[in-house]
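Hi everyone, thanks for making the time. I have one structure to walk you through, so let me put it up on the screen.

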Amino acid sequence: MHRNSGKSRNSRVSNTPKTKISYEKKADPAISEYSTASLNWLRQAEFLMSAPKLNLCVEDTGYEIAFAGRSNAGKSSAINALTNQKQLARASKRPGRTQMINFFSLGNPDQRLVDLPGYGYAAVPEAMKIVWQKELENYLIHRKSLQGLVLLMDIRHPLQHFDVMMLEWAYSRKLFVHVLLTKSDKLNRGPASKALLDVQQQLKKMKLQFSIQLFSSLNRQGLEELASVMAGRLNYTLEQTAEFDLDAIPTISEDDVETETEADQSTEQ
Ligand SMILES: Nc1nc2c(ncn2[C@@H]2O[C@H](COP(=O)(O)OP(=O)(O)OP(=O)(O)O)[C@@H](O)[C@H]2O)c(=O)[nH]1
Ligand SMILES: [Mg+2]
């Protein structure tokens with residue numbers, strides 16, 4: 001049976017004309033189902049609150065992912081595209097638009113998305129810049145529910161000094177980072193792919209194993225990929241949308257717990 005199938009495969013290869021084979025990536029139905037479900041889930045996003053400083057933020061429970069990056073990188077626009085809501089986060093042509101830490105809930109207040117003020121905007125008065133940076137730093141260092149960052153960089157100016165600092169800092173705090181090269185619509189396909197490859201290589205050189213993708217809020221490139229990453233990181237499962245039957249959950253008695261513990265210990269020894 002195996003031999004036969006091997007033979008037919010070989011004969012097919014030898015008869016194949018020497019044309020270039022295109023290995024077109026087939027859509028994985030499981031993945032696209034997950035990303036569609038993730039996008040639907042993200043559409044439930046609701047504004048929770050804005051905080052000027054750490055001690056005024058929403059309670060530090062559950063999980064959150066923060067959108068970070070230089071001012072004008074496209075953080076607020078990305079959040080609006082991702083949640084399919086035009087005005088959820090306030091985007092603007094004027095850099096320095098987002099001046100507070102803005103929280104959005106995703107279906108429940110313990111799963112959140114955060115829009116951070118951008119860094120590196122030269123026109124902000126020095127004293128104000130210091131205050132913002134201090135608050136941003138406080139948030140990034142002390143926020144326990146922070147799981148990781150979506151770090152946005154304009155595809156035309158990636159890996160500026162402060163971006164690299166953020167990446168290294170996130171690595172040292174064991175946070176995940178998912179990098180978006182934003183405004184990919186500003187480059188043609190070839191140069192955009194090259195920019196992606198360049199940044200990938202530079203991250204590799206820095207020994208930072210972070211995921212990265214192209215993204216455009218304008219033409220929605222990379223939206224599904226980002227939605228899946230967000231959902232995966234915030235432990236969203238497809239079952240979450242299914243009817244939940246409380247009666248179907250088996251009750252556990254104290255005896256069951258003891259038995260489990262004993263079994264665990266015996267396998268460890
Ligand atoms: N062409 C293009 N422009 C974009 C894209 N995303 C954002 N922009 C524009 O870039 C500008 C800044 O976008 P914002 O989303 O406000 O940027 P931000 O990172 O939140 O900026 P701050 O709040 O200042 O930190 C706006 O004029 C947006 O319309 C994109 O994907 N493509
Ligand atoms: Mg903003």
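**A walk from the loop to the sheet**

Let's start at Q85, which touches A45 and N80, leaving aside residues up to four places away in sequence; touching here means that the C-beta atoms, placed from the backbone, lie within 7 Å. Before I go on, the ground rules: this is a predicted model, where local features need pLDDT of at least 70 and side-chain atom pairs count only at pLDDT 80 or more, while totals for chains, interfaces and linings use all residues. Residues are numbered from 1 along each chain as its sequence is written, and chains are lettered from A and ligands numbered from 1 in the order in which they are written.

Back to Q85. It lies in the loop between α3 (75–83) and β3. Helices and strands are DSSP runs numbered from the N terminus, H or I of at least four residues for helices and E of at least two for strands.

Zooming out, the protein chain has 8 helices and 7 strands. Of its 269 residues, 30% count as buried. Take the contacts between residues at least 6 apart in sequence: 73% join residues at least 24 apart.

Now the sheet. It is open, has 7 strands, and runs β1-β3-β4-β2-β5-β6-β7 with mixed pairing; strands pair if DSSP finds at least two bridges between them. At the edges sit β1 (46–51) and β7 (211–214), each pairing on one side only. The twist averages 20° from one strand to the next. For these angles, axes are lines fitted to C-alpha atoms, for helices over the stretch in contact, and values run from 0 to 180 degrees between N-to-C directions.

β3 (residues 101–106) and β4 (residues 108–115) are antiparallel over 5 bridges, with L106 opposite N108 in β4. β6 and β7 are parallel over 4 bridges, and there L180 stands opposite Q213 in β7. The chain gets from β6 to β7 through α6, a right-handed β-α-β crossover: with the strands pointing away from you, the path from the first strand over the helix to the second runs clockwise.

That helix, α6 (residues 189–205), lies across β6 and β7, at about 165° to β7. Just after α6, K207 takes a positive phi of about 60°.

Last stop, α5. Its 12 residues, 161–172, should span 16 Å at 1.5 Å a residue, and the end C-alpha atoms are 17 Å apart, so that agrees; the expected span is 1.5 Å times one less than the number of residues. Which residues of α5 are buried? D163, M166, L167 and A170. They cover an arc of only 95° around the axis, so they are on the same side of α5, the arc being that of the directions from the helix axis to the C-beta atoms. These buried residues pack against β2 (63–69), β5 (146–154) and β6 (176–182). The face turned away carries the exposed H161, M165, E168 and S172. And just after α5, K174 has a positive phi of about 60°.

Key:
A residue is buried if 20 or more other C-beta atoms lie within 10 Å of its own, exposed if 12 or fewer, and partly exposed in between; C-beta atoms are placed from the backbone. Two residues are in contact if their C-beta atoms, placed from the backbone, lie within 7 Å.
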